Amino acid sequence: MTLTSYFMEATYLVASILFIFALKGMSHPETARRGMFLAEGGMFAAIVGTLIGAHIVTWVWIIAGLAVGSILGAWMAIWVPMTAMPQRTALSHAFGALAAALVGIGEFVVHGQEMSAVTRGALGFEIMLGSLTTTGSLIAAGKLQGIIYGKPVQFRGQNIVNLGTFLVMVGCAAFFWMHPDASTVFYSMLGVAFVFGVLLVIPIGSADMPVVMSLLNSYAGLASAATGFVLGNNVLIIAGTLDGFSGFILSVLMCKAMNRSITNVLFGGFGAVVAESAAQTGGVMREITLDDAAMQLAFASRVVFVPGYGLATAQAQHAVRELAELLEGRGVTVKYAIHPVAGRMPGHMNVLLAEANVPYSSLYEMEQINPEFPSTDVAVVIGANDVVNPDARDNPKSLIAGMPILEVDRAKSVIVLKRGQGRGFSGLENPLFFKTCTSMLYGDAKSSLSHLAQAVQHV
Ligand code: NAP
């Protein structure tokens, strides 16, 4: 081994350690930012190590790739709004998976004939996972952005067609493994995998897309790990495996928080039956004036803010912190209730509130805050809907039956901030809005909160 290849292996070791600490950091909101920096450091070390230690055929393509990647990355980081983060993440998965598939094609063209059986097996996995994740992630991004029809696309015999496509893809991989010179079969596997990615994601509604994305993240990670086996690159094997399994664990945790199974998410067509299963909730929604709402808050002793997706779309995180500080200044105890799937991605509310410098000590998880609602004077629901829908607890026939909720309806009074009669992501009606303890303050969450803060100052 030469000195430069020793250096490369050393940077890979450093990168792998940094990736492990990064994952640990990202498991808690307080250390998540540090975790991201560690991951970036690890990636930087791996790239520098490779450029110094590996045999470089031509710098032209590397510099071109670096330039295109940096421009795209900067665009995605600076101009894509926080609310579009899920589709941005889906695009990143598509790019990562496409890179794995392209490396696989390159390896087949250059070394296809002389590969060992083990490497050929890894190459098959790399091509299948990389290709299906590319098209699957593009469809997911399109659905989340609203470019592609968001409702589940279902047809008769769909599961049979999907199973058939899957079997053809795996059959091609097996044939290629036995006959490494069968290039037609190799490229057929590639094509069928692209088609399978589309078929896999179209039956899933956009409501379940975040779970699907973390599954696709997992596939992209496993595709990278397979690339590592094909290239004999240790850091790719370690990073890809970490990515693959953390993505899978995240999918399971998200399903648990929604009381769904992975198979139900993948094959259930959730969202297709919403129209029929929408609750027939009677009664009227009672509107409240800004001054009455401010009065309730100013004279309360315990207030709980319950943020949801509407807080993100309104970018109301700073406004809620300002209102909370005003109330605390008047001696009101203020807490924030965080549901694990509020918003559109895991930790969405934590990220937004951290950005507005809301102290972590004021954030309470569902299990901690639910017992406190009966002694809460006012629960302020800010653009949340599904995560406070009492039907999930009370109506076994509801589409979201069994999903754990924030039990705001047990508070003495509930004020809901939303723009109108819009439903939650599940598309279901919410009986909370018709309860006698609930009053509605209509308007964009940010402007409602700012006006509330002004009104509280005049009480
Ligand atoms: P939600 O159920 O989607 O409801 C959001 C509410 O916000 C809507 O009813 C909407 O009503 C209101 N809203 C939208 N823009 C607003 C604005 N600018 N100002 C004020 N209100 C606004 O949100 P959620 O309660 O946070 O629930 C999250 C949903 O996403 C759950 O169904 C969950 O299962 C699903 N999900 C989340 C994740 C995750 O990782 N977080 C993953 C998978 C699925 P108006 O239109 O009337 O204003």
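Visitor: How are the axes of helix H5 and helix H8 oriented, roughly parallel or roughly antiparallel?

Guide: In this predicted model, local features need pLDDT of at least 70, side-chain atom pairs count only at pLDDT 80 or more, and totals for chains, interfaces and linings use all residues. Residues are numbered from 1 along each chain as its sequence is written, and side-chain values use heavy atoms, with hydrogens and water left out. The axes of H5 (residues 117–145) and H8 (residues 209–231) come within 8 Å and cross at roughly 155 degrees. Because angles over 145 degrees count as roughly antiparallel, the orientation of H5 to H8 is roughly antiparallel.

Visitor: Is the crossing of H5 and H8 left-handed or right-handed?

Guide: A crossing is left-handed if the near helix is turned anticlockwise from the far one by less than a right angle, and right-handed if clockwise. For H5 and H8, the crossing is left-handed.

Visitor: Is Gln315 buried, partly exposed or exposed?

Guide: Gln315 lies in the loop between helix H13 (309–314) and helix H14 (317–329). Its phi is near 55 degrees, a positive value in a residue other than glycine. Buried means under 20% relative accessible area and exposed over 50%, with partly exposed in between (1.4 Å probe, protein chains only). At 30% relative accessibility, Gln315 is therefore partly exposed.

Visitor: What is the relative accessible area of Asn357?

Guide: Asn357 lies in the loop between helix H15 (348–355) and strand E3 (363–365). Phi of Asn357 is near 60 degrees, a positive value in a residue other than glycine. Asn357 is exposed, and its relative accessible area is 61%.

How values were computed. Axes are lines fitted to C-alpha atoms, for helices over the stretch in contact, and angles run from 0 to 180 degrees between N-to-C directions. Helices (H or I, at least four residues) and strands (E, at least two) are DSSP runs, numbered from the N terminus. Angles under 35 degrees count as roughly parallel, over 145 as roughly antiparallel, 65 to 115 as roughly perpendicular and the rest as oblique.
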